[in-house]
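Subject: Structure handover and notes

Dear colleague,

I am passing on the structure we spoke about, and my notes on it follow below. Please read them with the model open beside you.

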Amino acid sequence: MHQKTLLAALRQASVVYRTDAEQGRQVWSDITIDIFEGEWIVVTGPNGSGKSTLASVLLGLCPLSGGQLVREQRKRMLTRGVLQIPEAQFVGDTVEEELQHVPGTQYLTHDERAAFYQEALQSVGLSIPLNRTLNTLSGGQKQLVNIAAALAAKPAMLVLDEPTAMLDPAARQEVIRTVRQAHKQGMTIVWITHRLEEAAEASRVIAFGGGRIAFDGAPVTFFYGEGDDRAEGSTPCSRLGLEPPFVVQTAWALMAKGLQLHRLPLNADELAEAVSSL
Ligand SMILES: Nc1ncnc2c1ncn2[C@@H]1O[C@H](COP(=O)(O)OP(=O)(O)OP(=O)(O)O)[C@@H](O)[C@H]1O
């Protein structure tokens with residue numbers, strides 16, 4: 001049997017934020033997560049449940065207050081992140097300055113570097129000059145520059161914290177398409193979102209709630225529950241007070257009318273297929 005490679009893991013991990021005003025705010029505790037190579041994990045949960053904190057921990061930006069973060073030692077275990085607000089991550093003024101920070105580019109010749117930058121931009125579908133000032137780009141283009149820089153570093157794991165939150169539907173689709181491509185080539189994806197239609201992309205959903213992991217399993221189980229007596233009001237998603245995607249709501253409405261769906265859909269194509277075979 002094919003052995004899964006563990007890339008990173010949290011063991012009985014907890015995070016407490018200490019501020020001047022407060023004694024300490026425990027975000028979550030006793031969290032154990034194994035992240036395997038090639039997974040696409042969607043992390044969700046109510047506001048303030050600690051999703052972004054997980055991103056910060058995995059990116060090494062936030063220390064654990066307890067427990068352990070274990071990383072795969074044998075591989076070049078590089079992790080890169082893309083944050084919600086594209087500008088928050090910029091370190092340069094131009095597209096080129098942003099890409100200059102990709103590790104290894106300093107050893108390339110001038111021409112090699114130019115070719116490398118163009119390839120990085122093309123990989124995310126961007127055709128903009130390297131000397132373009134970042135603040136003249138649209139929100140979607142800015143986020144794609146961040147993703148281009150993250151992907152060009154060839155990380156084993158890409159952590160995206162609400163990467164589409166500030167984007168219009170077209171730019172959102174472009175970001176998803178680009179990450180899907182990187183995932184196909186073997187990159188492990190941790191995608192934090194409250195936009196639950198994005199969970200359809202995932203192989204696994206992890207949901208935070210009440211300072212713990214409230215769910216860790218398949219997207220279809222998250223939205224539809226398990227067993228023969230499954231009910232819309234008692235799925236892991238509804239128990240967390242989260243609104244399922246439109247496709248899932250439609251499927252529940254059809255089932256409430258007594259229609260038997262041969263497959264529980266997670267996206268529009270699957271819904272169309274389920275409906276067409278009724
Ligand atoms: N640097 C910090 N210092 C103090 N408290 C913090 C800090 N960062 C986050 N928190 C608090 O920790 C809790 C979890 O925050 P976090 O941003 O991880 O949650 P989230 O699930 O990503 O929330 P949202 O969905 O609103 O983005 C919140 O109560 C937040 O106010």
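At roughly what angle do the axes of α4 and helix α5 (residues 169-184) cross, and within what distance do they come? Before the answer, please keep in mind that this is a predicted model. The two axes cross at roughly 10° and come within 9 Å, and because angles under 35 degrees count as roughly parallel, α4 is roughly parallel to α5. On the α4 side the contact is made by Gly139, Gly140, Gln143, Leu144, Ile147 and Leu151, while α5 brings Ala171, Glu174, Val175, Thr178 and Ala182. Sorted by class, the residues of this contact of α4 with α5 are 6 nonpolar, 4 polar and 1 charged.

Helix α4 (residues 139-152) also packs against helix α3 (residues 110-123), here at an angle of about 120° and with the axes 8 Å apart. That angle makes α3 oblique to α4, and the crossing of these two helices is right-handed. The residues that meet are Ala120, Leu121 and Ser123 from α3 and Ala148, Leu151 and Ala152 from α4; by class, the contact of α3 with α4 has 5 nonpolar residues, 1 polar residue and no charged ones.

As for the overall division of the protein chain, domain 1 covers 6-209 and domain 2 covers 245-278, and the C-alpha centres of domain 1 and domain 2 lie 32 Å apart.

Definitions and conventions:
Residues numbered from 1 in each chain as written. Predicted model: local features only at pLDDT ≥ 70, side-chain atom pairs only at ≥ 80, totals over all residues. Axes fitted to C-alpha atoms, helices over the stretch in contact; angles between N-to-C directions. Helix = DSSP H or I, 4+ residues; strand = E, 2+ residues; numbered from the N terminus. Parallel < 35°, antiparallel > 145°, perpendicular 65-115°, else oblique. Left-handed = near helix turned anticlockwise from the far one by under 90°. Contact = placed C-beta atoms within 7 Å. Nonpolar A, V, L, I, M, F, W, Y, C, P; charged D, E, K, R; others polar. Domains from an automatic or database assignment.
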